[in-house]
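Let's take a walk through a protein structure together.

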Amino acid sequence: MLNFILLIFIYIGIYAISALGLNLIVGYTGLLSLCQAAFLGIGAYSAAVLMTAFHFGFWEAMLISGIITALCGMLIGIPTLRLKGDYLAIATLGFGEIVRNIIVNWDSVTKGPMGINGIPGPNLFGFMFSSMDKISWVILIWVIVGISYYFVRRIVRSRVGRALEAIREDEIAASAMGINTAKYKIGAFTTGAFLAGIAGSLFASYNQSVAPLTFDFMMSIMILCMVVLGGLGNNYATVAGAIIIVITSEIPRLFGISHIIPPQLNQVIFGLILVLMMIYRPQGIIGRVKLNYAKILKKEILHLEK
Amino acid sequence: MKKLLSVLISLMLLFALACGKESDVVKSGETIKIGFLGPMTGDAGNYGKLMSQAVKVAVEEFNAAGGAEGFNAEVLVEDTEGKVEKANPAIEKLAGVDKVFGIVGSVFSSVSLAVAPKAEASKIVMISPSSTHKDLPEKGKFIFRDVMSDALQAIVFGKYLAKVENVKTVAILYIKNDYSQGLAMDFKAQFEKEGGKVVAVETALQGDKDFKTQLTKIKGANPEAIYFPNYVAEIAQMLEQSKQLGIKAKFYSADGFSNPQILELAGDLANGVIYTQAAEQPTSQKRKDFEAKYLAKWGEKPDAFSLNAYDGALIMLNAIKATSSKAMGGNLKIDRDKVRDFVAKTKDYDGASGKITFTANGDLVANIGIYTAENRKFKQLKMFKLDGENLVEIK
Amino acid sequence: MPLLYTQSLRREFGGVVAVSDVDIEIFKNSITGLIGPNGAGKTTLFNTITGLDYPTSGFVFFKGEDITPLPAYKITRSGIARTFQNIRLFKEMTVFENVMIGRHFRANHPHIVKNRLINFILGRIFVKQEEYDIYESSIKWLDFFGLLDFRDEYAKNLPYGKQRELEIARALATEPEVLFLDEPAAGMNPQETDELMVTIKRIRDLGITVVLIEHDMKLVMNICDKIIVLNYGRKIAEGTPAQVQNNKEVIEAYLGKTDE
Amino acid sequence: MSNAILELKNVHVSYGNIEALKGVNVTINAGQIVCLIGANGAGKSTLLKSIVGLEPLTRGEVVFNGERITYTGGDSSAKKDRVFHSTDRIISRGISMAPEGRGIFPEMTVLENLEMGAFMIKDKALIKTRIEEKYEMFEILKDRRKQLAGSLSGGEQQMLSIARALMSAPRLLLLDEPALGLAPIIIQNIFQTISKISREDKVTIFLVEQNAKMALSISDKGYVLETGNIVLEDDSKNLLENPKVKAAYLGE
Amino acid sequence: MNLFNIPHNELLQHLLNGLTLGAIYSLIALGYTMVYGILKFINFAHGEILMLGAYAGYYVYYLICDPSQGGSFVIFAFIISLLTAMVISASLGVFIERVAYRPLRKAPRLAPLLSAIGVSIILMNLAALFFGTKSRKFDYPIDNTTIQLDGTSITPNQIMILAVGLIMMTALKLFIDKSRLGKAMRATSQNQSVAALMGINVNFIISLTFAIGSALAAVAGIMMSLEFKLYPTMGQMAGLKAFIAAVVGGIGNISGAMLGGILLGLLETFGVVILGIPQGLKDTIAFSVLIIILLVKPSGLLIKNIREKV
């Protein structure tokens, strides 16, 4: 049981990292993106290819795949300059399908539908993470969750965060205030994708394998659900959302009734929870927490004056 | 954040204390647990459903025969949705929480390859009824399969088409999934090696149901025969659309065709399609009994993979029965290594799917049958085995 | 030489000419009024000058430089700020934060903040210096409009007149040389309009050039040094308030018979 | 007061915790033009919306033609004491409204917009005659009948909005800031039209307007609304002379 | 370019295949576009309404006739089952709107989207639970023997799909453009509260929109099951693609949905044929082209680029 619970927390951590990235895009910048799973997939596959075909170590692979994913994020960020609202959502949806399609078809690199197996774990100063040893994985992943959390928090609590918020509120007014909206929107996508790339490389390394079916539209939706269910524009809530969604989908297994109730029923319950949650808490369980920059600044400035 | 983390950590510690000890003992009054791992929802849900039903039949049979030392067995079905990230929690749960002694599964090769190391590490005998990828048996001592590998099937069929049927040109249409692609690629290599010519290779995506574009292109290439190494829903579609497009070539397929649903979906179009499958004793009583039981219990017919699932389940249950012993307090003691060794020694096991023998690494030693569908029934035409490079017909 | 001028500025939408070869000149430290019937192209002219829209042809010169191709944010950075006809505040942000956004790019002193990214991630002292600057000047502008008491209110919760003022404060926080106001008195009652006139004069006294679109003739006639009249995208008159008021074409197209 | 066509009694409307209308009483007599003036945010539009059911009342009642169209008992939590008629049912009783910001359907033609105004009427011949009538009154609309309404100028859109509201031959016409954002010459035109409608069509008009001077000069009676309360109620000509009104709303 | 190396009858065949596929996409896209036009959100459950409509038609069809018998009674039964499926789907659509979307009219924009996803998950899995996951065959009501024309093959079923698609779309277009209720729908989609001021019962119009869109989905569902079989996930991918098609055509625009659907069908067939790359990449080609179209015309093909009013 312990192992199983630890495993759930490993998954929560991986999803939380990419959900934090998505929160930056959807929650703070207000751009609806439906391709976070594609970013996760790009990250996972980059890491998998780097580690298996080119024998990179995990840490280099993680960083490089983060960067590769960030570049892809930059690419999909470009349409945001022209597309608004749901039109952008559709472009990202299409992009997600394209990525999945390419992963399945690019046999020479991605091994096609078979996926890539035998991906090694990280090696930290001689300590090998094995996927059997869950405690160390939980620690590793939650440390990275912590770093990501701090990273996103630094962004949103700064001048940049205010700019993103202004873009979400009113893009035209923001550009009339001298904010380079293009730069920030692409920046949000790039950063969000980077985090998804990191999460993807952890995903690949922990599971020791990647397969193309994994990174589908439903996964993007799951990650979006985490962000919305917790509360848009609230990092704390995003992590909580990840915990809720993953645990909800594993409830039958946690209670040991997964073999008693039909698996479809499990999904039905999940859908039902989603609908009811939206009807009764449309703003999310925790909701948006509006940062008060005046107060943040005051605090920081007092600190400075000392 | 800090609060959250501290709650998490204390939760983990709590569980660590609560379920600390490992054991290979089944307490009296409890059941011997085995697992089934496969897609129960989603596109391929039907394959998982049929196979899991077969395992349930096997367990019932085992229990009816007295179980192991009076202990009954029970199968826990876990859904993988055909996805690696869903299969991982499933096997962790089976291994960590339920402490199963064997797993029938997984269905897809990609998933089996991903979960195999975990089964190996937990010393769980895993017998896959349908993962045909050639690398699977090498994943560990505890990993077996009672379905023949793509490589074997494709090689035999490649030789058969070139040598026996004397086909010169072939087009291949396969779905981009682990099963179809493996077969298609191995077949192509073998057929070309035999001097045949593959005039067109067309692919489609998992979930596609419209193959007219590909078939139109294939029609343009004008092959003598078309090879469809896919699952039934797609094959039925391909056969029908081929007919609609007026394609006159001969159709060939692989063991995916053995699902009796094809007879329903494709109707008369299934007639004359020649396919490969692990050879079975057509008259085997065991198979007839199983099919009767299955039909009575579930109201539908099993497919070839279900036969494998049934055999796999019984092989591991028999191994448990043979190696377990009564321990103190009326408990049943099961030694995982012994179970594994017993399974590995399986030789000429008389199963519903035919004679089953495992190779040293856990693969199936199989005779390959050439089958066809005729008047809504499957019929075995010939049987071959591979002797080195040569195809040897078994009379 | 005028501080800002356009050369045959033209904007077409589909075949409809919204702004037709307009030349305007804005002189330093003046208040210029832009009037005309609805759909005459006033707002479109504002948009093409401030970079939110692009002209079909023609040029905009500011301080002797061609700013026509620049995007809106660069035009703002060069010293042109604006407000909007339908108030476009950041509604879910506080009054203080709205003004801080106006300071956004002004805080960008590359000579102070080196290694931006690292400093930023670590939240180091230089970034704090920058934030300090933003804080101080935001306070200054809020004080200018007497909005300090509302600083922690959400912009959407302000009374209408205050929202108009906040929008001007936000624009001024960018420290512009020219301020474009699009119907600043719309929706204000006469009392508020009178206060606004005083405010606009105060802004001019700070050395900022003001250009405004307005329908309230009292305001326009009272404070503008020069008035430009547009009709169907064309400039039909230009001059002092008195000249414009007596222009026959303007009366016909826009003012109508005045009883006043 | 048998002559009253519309009565608002103790009307309260709230948005969340903010009370926009705090017990408003208004009486409109048939055949008159009644105007409501007040600053932005005083609750003028909310008041109009509450009449047609676009904004639910928290307390009070609206009586049209002697019939309660919206009613809530003193205790707003008692559900059985509430009557809310949906907007379409209120409209069907003979109220029509030209909403703030004109509210034309931009992607429908002028003709189609007018047809929508006659949505409640099933008699096609009647619709046709009504449209012809409106074309007579607003000639510009006839010229533009095939154009998309979104391509009209602001003044034309306002005319269309009023014409459309008249298509159902209402007994009471509600106008929400018809002069907003229009040029002086067009404002004059609009107000002339409004008094013409009142004179010729015998329609009762309830006019909400920022431009107090114009509104009071064409109306019979006026109300002044400040932060959710009616603070003044008098004949329009008296209000025009009222020093408080003069200072706050006429800018004199 | 590979196009010129392909014999003309093969090209014609591709064109025909693409049109059939496109007609089905168009029918699905219509439902999406209508709902989007009026409520401004993506009804992700549309694909599942399609699937349930198809199942409803299937059960009615096999209840009243035995298709293997053939003859005019089968055609009659087919029409009955088609109509029943339309009614059932329409009621389902209206019911879903009532239960899962109406409470969310004033909620943040993403809430109805996620609610729709929830509904979609529920319906798909309920279908799998009750109808089983295996594919089912929907027998043709008419003799589907291929007609060969100069090396090009066309089946009566394809002709039927094209005809039904054409009839449905024309009827819908006429309804929306000319009829009183159709105009009320357009008015409601442009401004709900003003539409209410015209005396339009907005809730009724929204229900009507869902009913019509869902009924069309049922037709598309049955056409799909005839051509591609019947299974619980049949609406998922087709729905997603049809939605993209609707957006590219210009969401909220009926003609746009038709155009987008046909375009997607043709792109899927021709895209890879012309480039001469494996068919597995068809989605990549189709989606890339669609994204590029969106970048050039950000509000879709048939909607004028409306600049935000400043």
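First, some ground rules. This is a predicted model, in which local features need pLDDT of at least 70, side-chain atom pairs count only at pLDDT 80 or more, and totals for chains, interfaces and linings use all residues. Residues are numbered from 1 along each chain as its sequence is written, chains are lettered from A and ligands numbered from 1 in the order in which they are written, and side-chain values use heavy atoms, with hydrogens and water left out.

Let's begin with chain C. Its secondary structure comes to 10 helices and 11 strands; helices (H or I, at least four residues) and strands (E, at least two) are DSSP runs, numbered from the N terminus. Of the 260 residues in chain C, 60% count as buried, where buried means under 20% relative accessible area, exposed over 50% and partly exposed in between (1.4 Å probe, protein chains only). Contact means heavy atoms within 4.5 Å. Among the contacts in chain C with a separation of 6 or more, 67% come from residues 24 or more positions apart.

Now look at the rings. Over all chains, the structure holds 48 aromatic pairs. Rings of Phe, Tyr and Trp (its six-membered ring) pair if their centres lie within 6.5 Å; planes under 30 degrees apart count as stacked, over 60 as edge-to-face and the rest as tilted. C:Phe96 and C:Tyr135 form a tilted pair, 5.5 Å centre to centre with 55 degrees between the planes. Because C:Phe96 lies in helix α3 (residues 95-102) of chain C and C:Tyr135 in helix α5 (residues 125-144) of chain C, the pair ties together parts that are 39 residues apart in sequence. Both C:Phe96 and C:Tyr135 are buried.

Rings can also have a charge over them, which here requires NZ of Lys or CZ of Arg within 6 Å of the ring centre and within 35 degrees of the ring normal. The charged end of C:Arg170 sits over the ring of C:Phe90, 4.7 Å from its centre, and that of C:Arg88 sits over the ring of C:Phe84, 5.7 Å from its centre.

How do helices meet? Two packed helices are described by the angle between their axes and the distance between the axes. Axes are lines fitted to C-alpha atoms, for helices over the stretch in contact, and angles run from 0 to 180 degrees between N-to-C directions. Angles under 35 degrees count as roughly parallel, over 145 as roughly antiparallel, 65 to 115 as roughly perpendicular and the rest as oblique. The axes of helix α10 (residues 248-255) of chain C and helix α7 (residues 184-201) of chain D come within 6 Å and cross at roughly 45 degrees, so α10(C) and α7(D) are oblique to each other.

In chain A, the axes of helix α2 (residues 36-52) and helix α10 (residues 217-230) come within 7 Å and cross at roughly 110 degrees. α2(A) and α10(A) are therefore roughly perpendicular.

Over in chain E, E:Phe243 lies in helix α9 (residues 234-250). Is E:Phe243 buried or exposed? E:Phe243 counts as buried because its relative accessibility is 2%. Leaving aside neighbours within four places in sequence, E:Phe243 is in contact with A:Ile90, E:Tyr32, E:Ile42 and E:Ile251.

Finally, chain B and chain C have no contact, and their closest C-alpha atoms lie 19 Å apart.
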